[in-house]
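Open the structure in your viewer and colour it by chain.

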There are 2 protein chains.
Amino acid sequence: MALYVQKFGGTSVGSVERIGLVADKIKSFRDQGHDVVVVVSAMSGETNRLLSLAADITKTPSPRELDVLVSTGEQVTIALLAMALHERGCEAKSFTGDQIRILTDSAHTKARIKEIDVDAVQQELKAGRVVVVAGFQGVDEKGNTTTLGRGGSDTSAVAMAAALSADECQIYTDVDGVYTTDPRVVEKARRLERITFEEMLEMASLGSKVLQIRSVEFAGKYKVPLRVLSSFVEGDGTLITFEGDSKMEQPIISGIAFNRDEAKLTLVGVPDIPGAASRILGPVSAANIEVDMIVQNVAEDNTTDFTFTVHRNDYHRVMQVLQSVAEDLGAEAVRGDNAIAKVSIVGVGMRSHAGVASKMFDALAAENINILMISTSEIKVSVVIEEKYLELAVRALHTAFELDV
Amino acid sequence: MALYVQKFGGTSVGSVERIGLVADKIKSFRDQGHDVVVVVSAMSGETNRLLSLAADITKTPSPRELDVLVSTGEQVTIALLAMALHERGCEAKSFTGDQIRILTDSAHTKARIKEIDVDAVQQELKAGRVVVVAGFQGVDEKGNTTTLGRGGSDTSAVAMAAALSADECQIYTDVDGVYTTDPRVVEKARRLERITFEEMLEMASLGSKVLQIRSVEFAGKYKVPLRVLSSFVEGDGTLITFEGDSKMEQPIISGIAFNRDEAKLTLVGVPDIPGAASRILGPVSAANIEVDMIVQNVAEDNTTDFTFTVHRNDYHRVMQVLQSVAEDLGAEAVRGDNAIAKVSIVGVGMRSHAGVASKMFDALAAENINILMISTSEIKVSVVIEEKYLELAVRALHTAFELDV
């Protein structure tokens, strides 16, 4: 008899039929004697429908009112799911973020959870009820409705699990777990039974869309065992766990992540003076543009080349910013390329194994793939390559690191 | 500088364009220096959309969850209207029933308002903001979302006006006021500048669909001046007021109401024994059927005929109930007719004028319309006639009582 917090996303509750399937699944857990708290998103399409109503009214909607608006999406789902559970003879009660009291700060549309009051939830569980919670939403000190931003329902679920000391937080999605890489690119990709939080963080931040990075961080911080599994297919999914938990020896590499959404920019011939980097990146960050990789080589002839990557959508804006920076700094030129891709190998095992990076470079060289940038961390090595080589690179690395099925 | 509570129904906020028009109207009041609290319904169609989702899940939805579900409709509207006001440079803030704290009892789907906390609203008004309130909804002592039942937004508006001691509660609808009778039936019907609460109550309960009877009762109880006016056409509408307010002499008859939704049933040859009436109506009320008019004549030959009317939808059910009642009582027969209509003349003036009823009967007789039942109160006379004569009767009475334009 365990306590599970189960989260079902928009696709999983996208129609009344699917809500019925979710109710069936929850009931089967209840029938086994487990306690269940369910966190749900808005039905797929609903949030966009609401946002487009707002967009028809104003280009600059008040964030407070936007939260009042979009939080109705989850509220619809909790009511419908509670009804579907009742229909199956399963006692259940719905709660909005306000009713639970998921207390957040007042940063509308991107609020952070400060505290969760679990008294009411625990009473309902004791009374034998399934507790159905609206994800993505909370309430601030003054009683204003807030939302946690896109993907916030995952965070709601993890936070509920942490507050309730749940045995497991189960995130149901449309994939059946975390894979060694995207199965649409590599046929031989396989589902991981386990992955560490650190690896998952790297995988998530590098473009594996399975889990929101924020919820993984949250789960890591509060040591909530997290499991990703499919709403539609039976299976054990992937357990995201702590390094120490694993009894098996770690494989060197757990997975290969990639990202096509980047562009790279280089400032050529930057005078090698103190503060040059901040004079370059200051204006970029002032324009609210996030920078991913940054590479600068040792200076030759008192000048250096400074390269960094940004989201591809920001490419043209950054170009403009850099033109004036270049003038200002007396740099030679600005160069850019938005037909690039980033490929990363991730694994806690590489800490104790030398030669992982060189094995990666060898595998790419064997396919004649030129490496444009390199960046490393304790548990990952990332390279930037020409976008056209992306699939080839991922497949080659998947084979080289013995990840193929 | 007055304080107005303005209520806009579903049709008035049925699209983003119409929400824009409502915002324009509110802004024009603000520009004149008035304080405005707006109460809105769900966008037309939205409540039915939500109910049909629930219906696809279960035939017996939990009333608590139904309230969680449908209350999202008004929540969407308050957010959109607040945005539209902002867009027009008009400061505004939305409130759900819970946020205001419109405290109700726990009778889900038909809750009654117990108390309204106006502190927050008054602060916002003082700060120069329009307060946008979700109608139709409240919250019970335990924090459960409740709804007031169909038409509850009118009641929310009147209750807000009472709690705030507003100068006027303005109900915007798709008609431009209260008419002497339905203009679709009588071309010469005219808008009333004023009508008393008592008359309005009789008009509303007799089938004039302009205002929910409950909100009129509420307004009368708390002496809230109520005005009905059009969202779409400029005009003063109709002020619903207290008898003493009127400086003019009251006309004898203010209006003619009618209702096609009734059916009549007669138990013929009921033994004239004490308790017969309750033995007839007891089972009817036990079957949750509401009875409207009741007529019983003095007994002859120790038997009497007992006639009453019910909503036409209940006709066949009541027939069944009466069959067994008739056997039980030893009555001769049960007769029924569901092709009837009720026509009523309403006016506080009739209190001081004799002969109003006979004038009514004369007017009907002149058109050869047979009267099937009669029932009177202090300010109205109702007759039941064959349905096919309805329009003719209403027009004849409208002329006879000098209501024609």
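How many residues of chain B are in contact with chain A? Select both chains of this predicted model. In chain B, 28 residues are in contact with 29 residues of chain A.

**Stop 1: the contact between the chains**

Select helix H1 (16–31), helix H2 (46–57), helix H3 (63–87) and helix H4 (97–100) of chain B. These are the elements that give two or more residues to the side of chain B that touches chain A. H3(B) gives the most, with 14 residues. Sorted by kind, the residues on this side of chain B are 16 nonpolar, eight polar and four charged.

**Stop 2: the axis**

Chain B is superposed on chain A by a rotation of 180° with 0.0 Å of shift along the axis, and the RMSD is 0.1 Å. The two copies are therefore related as by a two-fold rotation axis. To find the axis, select Thr72(B): its C-alpha is the one in chain B nearest the axis, at 2.6 Å. The same surface serves both copies, as 100% of the contact residues of chain B recur in chain A.

**Stop 3: helix H11 of chain B**

Select residues 356–366 of chain B, which form helix H11. Which residues of this helix are buried? They are Val356(B), Met360(B) and Leu364(B). These residues cover an arc of only 75° around the axis of the helix, which puts them on the same side of H11(B). The general rule is that an α-helix has 3.6 residues a turn, so residues three or four places apart point the same way.

Next, select Ser358(B), Asp362(B), Ala365(B) and Ala366(B): they are exposed, on the other side of H11(B). Just after H11(B), Asn368(B) has a positive phi of about 60°.

**Stop 4**

Move to chain A and select strand E14 (residues 262–271) and strand E16 (residues 303–311). They pair in the antiparallel sense over eight bridges. Glu262(A) is opposite His311(A) in E16(A).

How values were computed
Residues numbered from 1 in each chain as written. Chains lettered and ligands numbered in written order. Predicted model: local features only at pLDDT ≥ 70, side-chain atom pairs only at ≥ 80, totals over all residues. Buried ≥ 20, exposed ≤ 12 C-beta atoms within 10 Å, placed from the backbone. Helix = DSSP H or I, 4+ residues; strand = E, 2+ residues; numbered from the N terminus. Arc of directions from axis to C-beta. Least-squares fit on C-alpha atoms with pLDDT ≥ 70 in both. Contact = placed C-beta atoms within 7 Å. Nonpolar A, V, L, I, M, F, W, Y, C, P; charged D, E, K, R; others polar. Pairing = 2+ DSSP bridges.
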